[in-house]
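Here is a short report on one protein model.

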Amino acid sequence: MSEYGKNDIREWKKKLAPFEQSRVSISVRQLINSVGPFLGLWILAYVSLDISYWLTLLLAIPAAGFLVRTFIIFHDCTHYSFFKSRRANEIVGIITGLFTFCSFEQWKRSHTTHHASNGNLEKRGVGDVWTMTLQEYVNASSFKRFAYRTYRNPIVMFLIGPLYIFLIDYRFNTKGASQKERRHVWVTNIVLASIVFVLGSTLGWTNYLLVQLPIFYIATFAGVWLFYVQHQFEDGYFELNENWNFVEAALKGSSYYKLPKVLQWFSGNIGYHHVHHLNSRVPNYHLEAAHLSDPKLQDVPTLTLITSLKSLSFKLWDDQENRFIGNRDIRAFLQNKKAKAA
């Protein structure tokens, strides 16, 4: 039984309402100090090809950081929180989406679904990390188990997955997409193909790829990692639909990722993920202030760079123990089950 009710949702909405107010001056400044340095570093990385590719790779690291920050702006625009104007959010969202190879309408729908169903065992599958329960895994076919283990393998998820998601998966429409979303996906693909063709033809395809790929790879790796650890931690939150609660899913199923200040800045304060899930209309630059405004928002699952590494070992959600478990616990469960059946 949830400890939160409908009144709590209204109460939190009221408490966080002051932080919903976006400020044009801050938003514009963030656009300038995110997109501007990204473009500048991209150009410098290209110029550095004539000096040393090691220098190019070195420049790719901060460039990727600014690309992550640009993605956070895109992310806020899909929630209509970056500007007060809906139209401004859409225009900036579409443009910043091109930097990150994302369709505004597609990502908006997927991410909105994620917010509305995070931690709901009966509504998994859209905009989230594939997560099976222990019992589902036990009852699954050998092929499905293999597919799941492959998907959850860190090499696949973090080294192969990021480029697959952003370069391939996002190029196709998903089931249930509206006509508007379908048009957005294909127009985005055409515009992206045109941009890539012009840059590749002008700068040289080899030069373009030598600059773009490391920047994009580092940025997408960081993005996938951030999303993963902020919902895949040991004492997370998953409930059946009848017991699922929005406030509880936000405060227990979304972590506070306490990052060093420089990484917090590059990641656009997204580490305050519990606040973001509690009220997605709070722009990224107000998340920290919102977090500090109430002691309850500080008494939430907290991860650091070191403790978040443990999330790599989690494979299944144990819906009896209400925690994530790894291979050792899975083997112990299966051996125990086999012994009882003997």
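Q232 sits in the loop between α10 and α11 (246-253). Helices here are DSSP runs of H or I with at least four residues, strands are runs of E with at least two, and both are numbered from the N terminus. Q232 is buried, with a relative accessible area of 2%. Buried means under 20% relative accessible area, exposed means over 50%, and partly exposed lies in between (1.4 Å probe, protein chains only). Q232 and L192 are 40 residues apart along the chain, and 32 Å separates their C-alpha atoms.

This is a predicted model: local features need pLDDT of at least 70, side-chain atom pairs count only at pLDDT 80 or more, and totals for chains, interfaces and linings use all residues. Residues are numbered from 1 along each chain as its sequence is written, and side-chain values use heavy atoms, with hydrogens and water left out.

**Two loop residues with positive phi**

F101 is not a glycine, yet its phi is positive, at about 60°. F101 belongs to the loop between α4 (86-99) and α5. Its relative accessible area is 13%, so F101 is buried. N269 is another residue other than glycine with a positive phi, near 60°. This one lies in the loop between α12 and α13 (273-278). N269 also counts as buried, at 13% relative accessibility.

**Pockets**

Rolling a probe the size of a water molecule over the atoms shows where empty space is left. The search uses a 1 Å grid over the protein atoms alone, and a pocket is an open set of points where a 1.4 Å probe fits, with protein on both sides within 12 Å along at least five of seven lines. Lining residues have an atom within 4 Å of a point. Grid points are joined across faces, edges and corners, and a volume is the space filled by probe spheres set on the points.

The largest pocket holds about 1,200 Å³ of space. It is lined by 42 residues, and those closest to its centre are G127, D128, I165, Y170 and F227. Which element gives the most to the lining of the largest pocket? It is α10, with eight residues. By class, the lining has 23 nonpolar, 14 polar and five charged residues. Ala, Val, Leu, Ile, Met, Phe, Trp, Tyr, Cys and Pro count as nonpolar, Asp, Glu, Lys and Arg as charged, and the others, Gly among them, as polar.

The second largest pocket has a volume of about 450 Å³. Of its 20 lining residues, F221, A222, W225, L226 and L263 are the closest to the centre. Here α3, α10 and α12 (261-266) each give two or more residues. The lining divides into 17 nonpolar, three polar and no charged residues.

**Salt bridges**

Side chains of opposite charge can pair when their charged atoms come close. A salt bridge is a side-chain nitrogen of Lys or Arg within 4 Å of a carboxyl oxygen of Asp or Glu. By this rule, the model has 13 salt bridges.

R323 is partly exposed at 23% relative accessibility. D329 is partly exposed too, at 31%. K13 is partly exposed, with a relative accessible area of 45%. R124 counts as partly exposed at 28%, and E136 does at 32%.

**A nonpolar patch**

Y164, L167, I168, F172, W186, L209 and L213 make a nonpolar surface patch of about 660 Å². Such a patch takes residues with over 30% relative accessible area and no salt bridge, with nonpolar side chains (Val, Leu, Ile, Met, Phe, Trp, Tyr) joined within 5 Å. Accessible areas come from the Shrake-Rupley method with a 1.4 Å probe. Helix α8 gives the most to the patch, with three residues. L167 lies in α8 and is partly exposed, at 31%. L209 lies in α10 and is partly exposed, at 41%.

Notes:
Patches are made of residues with over 30% relative accessible area and no salt bridge: like charges are joined within 9 Å, nonpolar side chains (Val, Leu, Ile, Met, Phe, Trp, Tyr) within 5 Å.
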